[in-house]
Amino acid sequence: MLSGIRIEDNGVPIYVQLREQFLRAMGAGVLKPGDQMPTMRQVAVAFRIDLNTVRHAYDELERAGAVVLIRGRGSFVAEPPAALQGADHDAEAERLARQVLATAAAAGVDPLVLASKITALAAAKEEVQ
């Protein structure tokens, strides 16, 4: 798992790079619900970074509901939440869309190009399932 992670000197905080790459691995199915995450110490040693930096990334993953930290046992990929329905689903979709648009604007990405990429990725994921 750690071999797929790259830490770059690009101005993005290391904990953010770790968090995003772990989330991508979860989204791609490399890390599945119930899988044990590498220990914080393993990540810190592998990338020669401060343990507190790794802890920050793991804490963010826990706050997002992506991992469950079990003291004495480790960190595990969380089960996905139950699918939202009705107004709750629509409100969350709206919130996520606005968040993605803001991120795209900050990165200089055209929102229409991003929308087509998301559509293509969703279609490909449906074909696999």
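A pocket here is an open set of points on a 1 Å grid over the protein atoms alone, where a 1.4 Å probe fits and protein lies on both sides within 12 Å along at least five of seven lines; lining residues have an atom within 4 Å of a point. This is a predicted model, so to speak of local features takes pLDDT of at least 70 and side-chain atom pairs need 80 or more, while totals for chains, interfaces and linings use all residues. Numbering starts from 1 along each chain as its sequence is written, and side-chain values use heavy atoms, with hydrogens and water left out.

**View 1. The largest pocket.** Its volume is about 2200 Å³, taken as the space filled by probe spheres set on the points. Of 43 lining residues, E20, L23, G27, L96 and V100 are the closest to the centre. Helices α1 (14–27), α4 (86–107) and α5 (111–128) each give two or more residues to this lining, and α4 gives the most, with 12.

**View 2. The second largest pocket.** This one comes to about 330 Å³. Its lining has 15 residues, with M40, L69, I70, R71 and S75 nearest the centre. The top contributor is α3, with 3 residues.

View 3. Strands β1 (67–70) and β2 (74–77) pair in the antiparallel sense over 4 bridges; pairing takes at least two DSSP bridges. I70 sits opposite G74, and G72 takes a positive phi near 90°.

**View 4. E60 in helix α3 (51–63)**. Its side chain makes a polar contact with that of R19 at 2.6 Å (N or O atoms within 3.5 Å, one able to donate a hydrogen and the other to accept it).
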